[in-house]
Amino acid sequence: MHMPKRHRLIFERDGIPLRKISHEHLDNRMIWKFLYLTNRHRFYMNTIETIKKRHSYRGKYKPDRIPRKDLTTIMEAGLVAPSGCNKQTTSLICVDDIDVLKQIRAVIDPPIAETAPAMICVLTQRIPAYRDKCFAVQDYSAAIENMLLAIVELGYQSCWYEGHITDDDRICDKIAGILNVPEEYELVCILPVGIAESEPVAPKKKAFDERAWFNSFKK
Ligand SMILES: Cc1cc2nc3c(=O)[nH]c(=O)nc-3n(C[C@H](O)[C@H](O)[C@H](O)COP(=O)(O)O)c2cc1C
């Protein structure tokens with residue numbers, strides 16, 4: 001039986017088969033259902049689906065530890081993002097050690113993502129990319145969005161926490177101190193990673209034609 005390529009993806013991840021299944025069974029819809037139910041958190045969505053499914057999650061997380069393999073995949077997604085003149089100004093520190101997480105939580109007031117079992121800290125180097133132009137903000141924003149999408153695709157949830165930690169009380173600098181971040185780097189954002197206890201809520205967005213048009217601006 002001919003299998004379209006996108007269906008074959010479900011059986012393997014990074015070249016490693018998830019389930020061995022004989023081809024004569026592939027027309028059995030029960031198997032597809034079984035595969036979906038047993039690998040639900042690993043089920044490949046297409047990119048557009050993942051983009052639409054992503055929402056900021058600010059609820060509680062389950063205590064399950066996140067495999068390093070998944071955290072690495074998420075960070076790799078961030079590091080392959082485009083960057084102005086390919087300066088690659090974004091660096092990442094993933095914290096999954098309970099003691100370090102505790103130290104970080106102690107400096108976040110008011111608290112956020114207290115139950116997250118892992119947290120990716122986003123660092124930037126504000127260096128010029130072209131003449132006096134610095135694209136560091138664009139660079140780390142692209143990396144963050146890539147990571148948010150990877151997080152959702154792998155079955156986890158997150159939220160882009162930047163405003164909260166870069167305010168006047170500079171929680172970001174306190175976290176950077178805990179993580180031994182050198183002075184030439186700035187910690188700008190944290191992304192909790194974990195399995196959500198509840199469903200993320202989709203915020204209301206303006207209608208498509210209020211913000212996007214073809215061929216000319218329309219009032
Ligand atoms: C630059 C930036 C900073 C943000 N900082 C915070 C923050 O400090 N705290 C927070 O709860 N959400 C923060 N968010 C998430 C936004 O509130 C969220 O993206 C927005 O409400 C739209 O919701 P959505 O992500 O579900 O589409 C930030 C998002 C961006 C892009």
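Mentor: Of the 219 residues in the protein chain, 22% are buried; a residue is buried if 20 or more other C-beta atoms, placed from the backbone, lie within 10 Å of its own, exposed if 12 or fewer do, and partly exposed in between. The model is a predicted one, in which local features need pLDDT of at least 70 and side-chain atom pairs count only at pLDDT 80 or more, whereas totals for chains, interfaces and linings use all residues. Residue numbers start from 1 along each chain as its sequence is written.

The protein chain holds eight helices and five strands, which are DSSP runs numbered from the N terminus (H or I, at least four residues, for helices; E, at least two, for strands). In sequence order the pattern is α-β-β-α-α-α-β-α-β-α-α-β-α. Among contacts with a separation of 6 or more in the protein chain, 77% join residues 24 or more positions apart; a contact requires C-beta atoms, placed from the backbone, within 7 Å.

Now to the helix packing. Two packed helices are described by the angle and the distance between their axes. The axes are lines fitted to C-alpha atoms, for helices over the stretch in contact, and angles between N-to-C directions run from 0 to 180 degrees. Helix α4 (residues 68-79) and α6 (136-153) have axes that come within 7 Å and cross at roughly 150 degrees. The crossing of α4 and α6 is right-handed; a crossing bears that name if the near helix is turned clockwise from the far one by less than a right angle, and is left-handed if anticlockwise. On the α4 side the contact is made by T73, I74, A77, G78 and L79, and on the α6 side by A143, N146, M147, A150 and I151. These residues divide into seven nonpolar, three polar and no charged, where Ala, Val, Leu, Ile, Met, Phe, Trp, Tyr, Cys and Pro count as nonpolar, Asp, Glu, Lys and Arg as charged, and the others, Gly among them, as polar.

Strand β3 (residues 90-95) contains T90, and T90 is buried because 24 other C-beta atoms lie within 10 Å. Apart from neighbours within four places in sequence, T90 contacts G78, S83, V122, L123, T124, D139, Y140 and A143. T90 and A143 are 53 residues apart along the chain, yet their C-alpha atoms are separated by 7.4 Å.

The crossing of α5 and α7 is right-handed. V100, Q103, I104 and V107 of α5 meet I171, K174, I175 and I178 of α7, a set that divides into six nonpolar, one polar and one charged.

Some backbone features follow. Most residues other than glycine have a negative phi, and most peptide bonds are trans. The bond from D109 to P110 is cis, with omega near 0 degrees, and P110 lies in the loop between α5 and β4 (118-124). R131, in the loop between β4 and α6, has a positive phi near 45 degrees. R131 counts as exposed because it has 5 C-beta neighbours inside 10 Å. N215, in the segment after α8 (208-211), has a positive phi of about 70 degrees; with 5 C-beta neighbours inside 10 Å, N215 is also exposed.

Around the ligand stand H55, S56, R58, C159, W160, Y161, E162, G163, H164 and P203, a residue being near a molecule or strand if its C-beta atom, placed from the backbone, lies within 6 Å of it. This shell divides into four nonpolar, four polar and two charged residues. Within the shell, E162 lies in the loop between α6 and α7 and is partly exposed, having 17 C-beta neighbours inside 10 Å. Beyond four places in sequence, E162 touches V188 and C189. The C-alpha atoms of E162 and V122, 40 residues apart along the chain, are separated by 9.5 Å. G163 belongs to the loop between α6 and α7 but counts as exposed, with 8 C-beta neighbours inside 10 Å. G163 and C189 are 26 residues apart in sequence and 8.1 Å apart from C-alpha to C-alpha.

Notes. Two residues are in contact if their C-beta atoms, placed from the backbone, lie within 7 Å.
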